[in-house]
Amino acid sequence: MSEQLAIPSRKGEVSEEEWQLRIDLAAAYRLIALYGWDDLIFTHLSVRIPGDEHHFLINPYGMMFEEITASSLVRIDQEGNKINPEDFDINPAGFTIHSAIHAVREDAACVMHTHTTAGVAVSAQKEGLLPLSQQSLFPLSGLAYHDYEGVALREDEKARLQADLGHARFMILRNHGLLTTGPSVAEAFLNMYILQRACEVQIQAMSGGQPLVRIPDAILSSIREQAKKVTKGMGGNLAWPGLLRKLDRIDPGFRS
């Protein structure tokens, strides 16, 4: 990170629980950049800090995802106010989407939103995500859609976003991108990995110009039980330690 973006460590200023959440969320930002799913300084990942305040952490507006550190994340309240006035500002569009979900979904401790090429492409297709791959089955076991309403700045869109998401952990924002939730950063990240991969496969398969073979409805209808057996609840907590080790080898700055 450049000298201009050096951020003082917050490790001694926050609880151990919040510090671990900061490390995990910063790691997720670095992984999004590593996999090429970032969109310059746009899109957001957030995690709720346990407690009655319903505060959550989100990225500082203006920092690239590969620059995000545990200490640079911004703690905000449900009205979008920074708890630490010295923190960077945040993107109001990111606040609208993430605060809407954190406000009504206790199980959605982490919310991730991306604008990847494959994700936006599938979001623009009338049928949305198709059952073309094994990867697609997991999001299709509980996938929600939200119609595009312009840049997410209006307060009144929150209620419609909340209603469309319901209890789903996967959502396609029409003409916009992808969104996943999870009870932890690890689970939300794996959900995003699987949804992103399913979209990539779909776009590649459709580009081949050959008739497509869809997975039968009978298999699709049984995927919820299969997902539990295969991934032990999507398996995010199993994959996460390895992903952190990967980052520690190539990009350890997220821990600062």
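A: A crossing is left-handed if the near helix is turned anticlockwise from the far one by less than a right angle, and right-handed if clockwise. Here, α2 passes α5 in a right-handed crossing. This is a predicted model, where local features need pLDDT of at least 70, side-chain atom pairs count only at pLDDT 80 or more, and totals for chains, interfaces and linings use all residues. Residues are numbered from 1 along each chain as its sequence is written, and side-chain values use heavy atoms, leaving out hydrogens and water.

Q: At what angle do helix α2 and helix α5 pack?
A: Helix α2 (residues 92–104) and helix α5 (residues 157–165) meet at about 55°, and their axes are 9 Å apart. Helices here are DSSP runs (H or I, at least four residues), as are strands (E, at least two), numbered from the N terminus. Axes are lines fitted to C-alpha atoms, for helices over the stretch in contact, with angles from 0 to 180 degrees between N-to-C directions.

Q: Which residues have the most contacts inside the largest nonpolar core?
A: Such a core is a set of buried (under 20% relative accessible area; exposed is over 50%, partly exposed in between, 1.4 Å probe, protein chains only) Ala, Val, Leu, Ile, Met, Phe, Trp, Tyr and Cys residues joined through side-chain atoms within 4.5 Å. The largest one has 50 residues, and Y29, M112, L129, F189 and W240 have the most contacts inside it. Helix α1 (residues 16–34) gives the largest share, 11 residues.

Q: Is T43 buried or exposed?
A: T43 is buried, at 2% relative accessible area. Most residues other than glycine have a negative phi, yet T43 has a positive one of about 75°.
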